Amino acid sequence: MRILAIETSCDETAVSVIETSGDWNTPGFSFSILGNTLYSQVATHAPYGGVFPALAKREHALNIVPLLTSALKEVPTTHNPVHSIDLTSLFTHEQDAVAMFQNFFATQPRPAIDAVVVTHGPGLEPALWVGINAARALSESWGIPLLGVNHMEGHIAIAPVNPGEPLTVTPISFPSLALLISGGHTEIVSIATWGSYEVIGSTRDDAIGEAFDKVARLIGLPYPGGPAISRLAAQARASGRKNTIVFPRPMRDSGDLDFSFSGLKTAVRRHTETFTLPLTDEQKEDISWAFEDAAIDVIVHKMKLALSRDQYHDVLVGGGVAANTYLTQSLLSMISKQFPETKVHIPHISHATDNALMITLAAVHHLEKKESSDPSTLRAQGNLSLSQR
Ligand code: KG4
Ligand code: ZN
């Protein structure tokens with residue numbers, strides 16, 4: 001099965017095409033990447049210290065067609081017909097996108113694709129709509145099924161991918177548990193089987209990635225803050241000095257699986273206010289170190305609690321913060337000591353942050369069950385939950 005996916009939920013515009021072989025979640029399943037393109041808008045949003053939705057939408061609309069064209073370069077073509085559709089009604093305020101799609105359909109040979117899938121939530125609605133309308137244009141022109149995919153299911157589905165050519169995916173046994181840690185989410189999810197999820201813990205305020213980004217801003221580090229903070233924290237740990245700062249661990253011992261990170265951010269702000277600005281490099285390192293220790297301690301502790309409540313066979317970790325090796329090492333170490341029977345799947349660092357490959361993979365089991373979305377009713381759902389069926 002050849003699947004094309006579009007991802008535009010936040011500040012990355014991405015297109016991926018894969019060819020699968022075998023059945024999802026069986027040892028025989030493998031896939032090859034025929035095309036995989038991504039344009040990051042990080043530099044555009046950096047001056048705002050976060051993602052600016054109207055700007056994200058505009059950037060997605062300008063970049064989607066060039067990314068599609070490049071992702072399709074190596075995809076085999078077919079003589080099947082291309083239907084003409086009304087692009088102006090799909091891209092009402094984006095004349096540039098209309099012109100680019102007109103040119104795309106006029107010049108691009110028709111690729112041999114079986115389904116077009118697209119992130120329809122959660123995320124920034126203006127941004128999600130660009131991807132949805134682009135996917136509609138492709139599915140209607142090529143006369144192939146369209147499917148809306150949950151972005152968070154993408155972060156789960158890419159965790160068990162193994163390197164190699166073709167790539168393979170380790171089959172998962174159920175029930176299993178997912179830890180989703182990104183700029184918008186901090187969730188512990190119980191998985192009964194692929195497609196059947198229950199969010200059993202989530203943040204009451206800031207997401208973990210958001211806390212990294214806000215703390216980075218407080219201490220004068222660039223956006224996105226996660227990579228910068230983890231680099232400074234690693235330098236501090238390697239320095240051999242002792243860290244005298246200890247930040248609070250909000251809700252660590254609350255007895256439930258929920259999180260709260262806004263108090264931790266406030267504690268960092270209060271602490272920085274005791275210094276004369278600008279902070280020295282050593283002060284920035286020590287704050288990053290203490291913040292990371294506190295945030296990771298809470299996450300590892302909550303995962304320990306969740307794992308002690310049921311017999312989970314596999315743990316799947318996903319989201320941009322899964323690129324944090326100190327976090328993944330701490331989690332692996334706790335699980336190997338306390339739950340040695342449990343297998344842990346950590347995505348390759350290049351697959352942890354947003355991409356379209358994860359959306360192709362999340363779609364596989366749905367497409368095998370012949371699920372599809374009605375193009376006229378598929379909507380952007382900013383708060384789409386994994387618990388929704
Ligand atoms: O999943 P993602 O790419 O986008 C969302 O769906 O939110 O996650 C982005 C988040 C940002 O908050 C970024 O600071 C964080 O992932 N991040 C990290 C690291 N790399 C990215 N956080 C901690 N340590 C990292 N190494
Ligand atoms: Zn994400």
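The report below treats these topics in turn, and the model it describes is predicted.

## The seven-stranded sheet

Seven strands form an open sheet with mixed pairing, and their order is β5-β4-β1-β2-β3-β7-β6. The edge positions belong to β5 (146-150) and β6 (161-162); each has a single partner strand, so one side of each is left without a neighbour in the sheet. At the β6 end, the pairing with β7 (residues 167-169) is antiparallel and comprises two bridges. Thr168 of β7 is the bridge partner of Asn162.

Helix α5, which spans residues 125-142, packs on this sheet. The strands that α5 touches are β1 (2-7), β4 (115-121) and β5, and the direction of α5 makes about 160 degrees with that of β4. Helix α13 (residues 357-368) also packs on the sheet, where it touches β1, β2 (12-21), β3 (30-40), β4, β5 and β6. The angle between the direction of α13 and that of β1 is about 130 degrees.

## Helix α13

What span does α13 reach from its first C-alpha to its last? The twelve residues of α13 reach 17 Å, close to the 16 Å expected at 1.5 Å a residue.

The helix is mostly covered, with eleven of its twelve residues buried. The buried residues are Leu357, Met358, Ile359, Thr360, Leu361, Ala362, Ala363, Val364, His365, His366 and Leu367. In an α-helix there are 3.6 residues a turn, so residues three or four places apart point the same way. Just after α13, Lys370 adopts a positive phi of about 60 degrees.

## Thr13 in strand β2

Thr13 is a residue of strand β2. Its relative accessibility is 0%, and Thr13 therefore counts as buried. The side chain of Thr13 makes a polar contact of 2.8 Å with the side chain of His60.

Leaving aside residues up to four places away in sequence, Thr13 touches Glu7, Thr8, Thr37, Leu38, Tyr39, Gln41, His60, Asn63, Ile64 and Leu67.

## The five-stranded sheet

A further open sheet contains five strands in the order β10-β9-β8-β11-β12, again with mixed pairing. Its edge strands are β10 (196-202) and β12 (343-345), each of which pairs on one side only. On average, and with direction ignored, neighbouring strands of this sheet are turned by 20 degrees against each other.

Strand β9 (residues 186-193) pairs with β10 in the antiparallel sense over six bridges. One residue pair linked in this way is Glu187 with Ser202, the latter lying in β10. Helix α10 (residues 281-309) packs on the sheet and touches β8 (176-181), β9 and β11 (314-318). The direction of α10 makes about 160 degrees with that of β8.

Which residues come nearest to ligand 1? There are 20 residues around the ligand, and of these Gly183, Asp213, Gly226, Gly320 and Asp354 come nearest.

A polar backbone atom of Gly226 is 3.0 Å from an oxygen atom of ligand 1. For Gly184, a backbone N or O atom lies 3.4 Å from an oxygen atom of the ligand. Asn324 contributes a polar side-chain atom, which lies 3.1 Å from a nitrogen atom of ligand 1.

## Backbone geometry in the loops

Most residues other than glycine have a negative phi, and most peptide bonds are trans. The bond from Gly121 to Pro122 is cis, with omega near -10 degrees, and Pro122 is located in the loop between β4 and α5. The bond from Tyr223 to Pro224 is cis, with omega near -10 degrees; Pro224 lies in the loop between α7 (208-218) and α8 (225-238).

Asn25, in the loop between β2 and β3, has a phi of about 65 degrees. Asn25 is partly exposed, its relative accessible area being 24%. Met251 likewise has a positive phi of about 65 degrees, and its place is in the loop between α8 and α9 (262-273).

Key
Residues are numbered from 1 along each chain as its sequence is written. Chains are lettered from A and ligands numbered from 1 in the order in which they are written. This is a predicted model: local features need pLDDT of at least 70, side-chain atom pairs count only at pLDDT 80 or more; totals for chains, interfaces and linings use all residues. Side-chain values use heavy atoms; hydrogens and water are left out. Two strands pair if DSSP finds at least two bridges between them. Helices (H or I, at least four residues) and strands (E, at least two) are DSSP runs, numbered from the N terminus. Contact means heavy atoms within 4.5 Å. Axes are lines fitted to C-alpha atoms, for helices over the stretch in contact, and angles run from 0 to 180 degrees between N-to-C directions. The expected span of a helix is 1.5 Å times one less than its number of residues. Buried means under 20% relative accessible area, exposed over 50%, partly exposed in between (1.4 Å probe, protein chains only). A residue is near a molecule or strand if one of its heavy atoms lies within 4 Å of it. A polar contact is a pair of N or O atoms within 3.5 Å; within protein, one must be able to donate a hydrogen and the other to accept it, and residues adjacent in sequence count only if both atoms are side-chain atoms.
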